[in-house]
Amino acid sequence: MSSILFFVELIQLYNNNTEFCLKARMISALAFVPENDLDQALDLLAEELPDNLQPLIDWFEDNYIGRRNRRGVGRRVALFPPNMWFLYTRVLNGTDRTNNHTEAAHLRLGTELGMQHPTKWKFIDALRKWSVMHPEIMLEDTNLTWNTTDPDLTPCFQKTVLVWIPCSFLWLFSSLETYYILHSKTKNVPWNWLNISKIILTAILIVLSIADVGLVASRRSNEFEVFSVDYYTPIIRMVTFALTIALIVYNRKRGLRTSGLLFLFWFILTIFGIPQFRFEIRRALRDDPRPEPFFPFVSYMIYYPVTVAIFILNCFADAPPKYSEYPPVENPCPEQGASFLSKLFFSWFDALAWKGFRKPLETSDLWNMNPEDTSSEIVPIFDKYWEKSKRKSEKVSSPKATFRKTSGRIDFVSGKQKTKQQASVLPAICKAFGPTFLFGSALKLFNDILTFVSPQILRRDSSKGFLPKGNSNFLWVVSPPVAI
C-alpha cells in the first residue's frame, strides 16, 4: 500500500496527517470483514473516504477483490483473491494472521546456511554440519544407545538425567548431613589447602554455570533456538554447588573432617559426566574441529576436570579439629581421622593388620575405642529412656480423701493396689538406638535386593546377546560385583 501512496503522491500526507493515515488503513482493515459482507463494506467505505483515496480503493478492488463485470453481475478474478488474505475466520479460530513465522524460518535458514539460495548439495551438506553443531535435537534415539556397536547416550539424556540425579541425591540426603552437623561434638577445623581448594574449585563451577545461563539468554535474544533444559540444568547445578559450599563451611565449623554425602555426590557426578565428556571430545574430533557454539564445548572441557579434581580432594580427610568435647586419649583410633573412602574400604585398619602379620600383637598395640562408642557415651542415652520405661511400669496406689458434713471428719480411703508390671527393655532400645538400627536395616535390605536382582538383570542382558547364553555360573560369578 505504501508504494501506491507514493505513486499517487500521497505518502507525505500519509506520514504526517494522523486522520488521513487512519482512513487509509481502513482499506486494509477489510481483511477482518466477513466475506459475504465484503461488497457492502467496500461500497460504504468508498462513500466515507475522501476523494484523494479513491485511486487506492480502485487499486485494492482490482488486485484483491476483483472489479465488477460490466453487466454488474459477479466480479472478475483478482490477482490475490480474498481466500488468500481473508482473516475473519482466522481471528475467530485463533490461528496466525500473518506469515511472520514463515519469514522467520527463511531468515533463520539463511543465517544457518550462510546463503539465501543454496543448491541442493550445499543444502544437504549444511544440514549435516548443522546436525553436528546442534546435537540437542536428538531427544530420543534407541539406535544411538542400544542397536549399535558403538553405543552413546543422547545429548538430552546427558543434560537432564545424568545431571539431575546427582543433584537430587545431594538435596535428598542433605537433611541427614545437617543432622550430623548439628549433633557434632567437635568444632573448628582449621583452614587449610584442602578445604580452601574445595571451595575455590566449586566456586569456579558456579561461575561456569552462570556463564552457561548467560550464553543461553544471549542466544535466545538473537533468535536462536533454545530449549528449556538449557536453562534448567545450569541453574540446578549452580544452586547445588552453592549447597556444597555451605556444607563444606559448616562441616569445618562443626569439626567434621570428612563427609560421606559430599564424597558420594562428587563420585556420582564424576561417573555420570563421563558420557558427555566423551561425547564432546568425539564431537570436536569429528567433522568440525571447532564446534558451534564454541563456548559450551570450552565450558564443559573446564567443568569436568574441575569436577574430577574436587572428587579427588574429597578422598582425603581434613585436618583435626581444634576443640572436642571428648577427653583426649593416649592411643586414639585412626578411624577418627580417616576419610570416607578409607572408612568405606577399611584401609585405616591396614596398619594394625600389617603389624599383626609381622609380629604378635600386644595390648599396647591396640587403639582406644572411638569416644562415641564408649560406655560413657552409650549408657546415658539408654538410661534416659530406660528410666522412663521403669516409671511407667511402676503403679503406686494413691489414697482418696472423703469429707463428711455431719461429723466434720475427713476419711482417707486406700485405693486398690495394682500388680507391678515388669519393665521391657525393647522400647528403651528402640527409642535410644532405633534410627541407627533402622538405617542399617535399610542398607542391608537394599544389599539383599541387589543380590537377587543382579542375576536377573544379567540373564536379561544375556537373552539380548550382550552376554554369553546358557552359562549360569557366569551369571552368579558376575552378580556380586554388580551388586556392589
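**View 1. Helix 12 against helix 15.** Helix 12 and helix 15 pack at an angle of about 175°, and their axes are 9 Å apart. Helices are DSSP runs (H or I, at least four residues) numbered from the N terminus, and axes are lines fitted to C-alpha atoms over the stretch in contact, with angles from 0 to 180 degrees between N-to-C directions. The two helices are therefore roughly antiparallel (angle over 145 degrees). Contact means heavy atoms within 4.5 Å; residues that meet include Phe169, Leu170 and Phe173 of helix 12 and Phe265, Ile268 and Leu269 of helix 15. The contact residues divide into 15 nonpolar, one polar and one charged. Ala, Val, Leu, Ile, Met, Phe, Trp, Tyr, Cys and Pro count as nonpolar, Asp, Glu, Lys and Arg as charged, and the others, Gly among them, as polar.

The model is predicted: local features need pLDDT of at least 70 and side-chain atom pairs pLDDT 80 or more, while totals for chains, interfaces and linings use all residues. Residues are numbered from 1 along each chain, and side-chain values use heavy atoms, without hydrogens and water.

**View 2. Helix 15 against helix 16.** Helix 15 (residues 260–284) and helix 16 (residues 294–313) pack at about 150°, with axes 9 Å apart. Helix 15 and helix 16 are therefore roughly antiparallel. Among the residues in this contact are Trp266 and Phe267 of helix 15 and Tyr303 and Tyr304 of helix 16.

**View 3. Surroundings of Leu247.** Leu247 touches Leu170, Glu177, Ile181, Leu261 and Leu262, not counting residues up to four places away in sequence.

Conventions
Parallel < 35°, antiparallel > 145°, perpendicular 65-115°, else oblique.
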